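Dear colleague,

I am passing on the structure we spoke about, and my notes on it follow below. Please read them with the coordinates open beside you.

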Amino acid sequence: MNKGVKKTSRLAVEIAGIRFKNPVLTASGTFGYGSEYAPYTDLGRLGGIVVKGLSLEPRAGNPGPRTVETPSGMLNAIGLQNVGVESFIKEKMPFLRRLKTNVIANIFGETVEDYKEVARRLDGVAGLTALEINISCPNVKKGGIAFGVVPTEAHRVVSAVKSSVGLPVITKLSPNVTDIRVMVKAVEEAGTDAVSLINTITGMAVDVEKRRALLATKTGGLSGPAIRPIAVRMVWEAAQVATRPIIGIGGIMTAKDALEFIIAGASAVQIGTANFVDPDSAVKAVDGIEEYLKRHRTSVKDLIGSLKA
Ligand SMILES: Cc1cc2nc3c(=O)[nH]c(=O)nc-3n(C[C@H](O)[C@H](O)[C@H](O)COP(=O)(O)O)c2cc1C
């Protein structure tokens, strides 16, 4: 034991028993499996990497067009394209586990049993720090309505995963609900170790000349700066009722944006769409947060939820 010599840092946070050297993670679906970004940024400087959502079988995703630019953001309908959980373990984890950062596997399914099985296969894989459950997916056994918009269904999927794994579980919430606080309470009751929010907001764009939707699937998920004020509001609301840590997501482009979420109640943040604009955004956010903490002589831990009345 190195009694008394544990290095403390202004930037470090602890979530679900995991130490993060800084509060900046990259968001699922915007950072591939990490290796794609290795030439463009220093992966070891990230607080964590959340990988593209994983399902039991590989998926090709939706037909194109599946992304559209919108004012201050983008719409996407990728359709959860991914290599499948087994290829992820065999082909992607060897690279990821060598990095000096936390690796979080984002998972989804079409049934509760799917979620359980993906989670079970990932449990115990060397180098994985936690699971993030994406509950914004259609439940095929309930007519395609998303797990994440019905509290009882969200509860069911989270408790099923939680009872099948030893890894810490983060539940990623959908913003497409009337009251986010109800969802926070439901997934906390089901045993989630933390919540992350928000996922994309359902949107649509139309080509007026052709009178066609711009996405092949017609509707898609809106992300980027356009959704940030909604996300900050939802994190703040979640913080009113949450007893577990919150990870804030939505339109974060800079350190200042990330700090909004932390002050509103988030213990950490994830950066998504910004990676498409500047692949070094997350590392720049870490530097900017550090500069702010020095200037204000404070730490991330003291800043969490420090919004003044
Ligand atoms: C192209 C794209 C793919 C995404 N794929 C996933 C995914 O597989 N699983 C998931 O939970 N969220 C996914 N998301 C949602 C993001 O992780 C994030 O919650 C959302 O984009 C809001 O953050 P941002 O505004 O910083 O992008 C995706 C977002 C985008 C733009």
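A backbone N or O atom of Ser 28 lies 2.7 Å from an oxygen atom of the ligand, in what is, please bear in mind, a predicted model. The protein covers 97% of the 610 Å² of accessible area that the ligand has on its own. Of the 23 residues around the ligand, those that come nearest are Ser 28, Lys 172, Gly 224, Gly 251 and Thr 273, and the shell as a whole divides into six nonpolar, 15 polar and two charged residues.

Turning to helix 5, residues 228–241, you will find 14 residues that reach 21 Å from the first C-alpha to the last, which is close to the 20 Å expected at 1.5 Å a residue. Its buried residues are Arg 228, Ala 231, Val 232, Met 234, Val 235, Glu 237 and Ala 238, and what covers them includes helix 4 (180–189), strand 10 (194–197), strand 15 (246–249) and helix 6 (255–264).

Glu 153 counts as buried because its relative accessible area is 9%, under the 20% cut-off. Leaving aside its neighbours within four places in sequence, Glu 153 is in contact with Asn 139, Lys 142 and Phe 147.

Note on methods:
Residues are numbered from 1 along each chain as its sequence is written. This is a predicted model: local features need pLDDT of at least 70, side-chain atom pairs count only at pLDDT 80 or more; totals for chains, interfaces and linings use all residues. Side-chain values use heavy atoms; hydrogens and water are left out. Helices (H or I, at least four residues) and strands (E, at least two) are DSSP runs, numbered from the N terminus. The expected span of a helix is 1.5 Å times one less than its number of residues. Buried means under 20% relative accessible area, exposed over 50%, partly exposed in between (1.4 Å probe, protein chains only). Contact means heavy atoms within 4.5 Å. A residue is near a molecule or strand if one of its heavy atoms lies within 4 Å of it. A polar contact is a pair of N or O atoms within 3.5 Å; within protein, one must be able to donate a hydrogen and the other to accept it, and residues adjacent in sequence count only if both atoms are side-chain atoms. Accessible areas come from the Shrake-Rupley method with a 1.4 Å probe; for residues, only the protein chains shown count as cover. Ala, Val, Leu, Ile, Met, Phe, Trp, Tyr, Cys and Pro count as nonpolar, Asp, Glu, Lys and Arg as charged, and the others, Gly among them, as polar.
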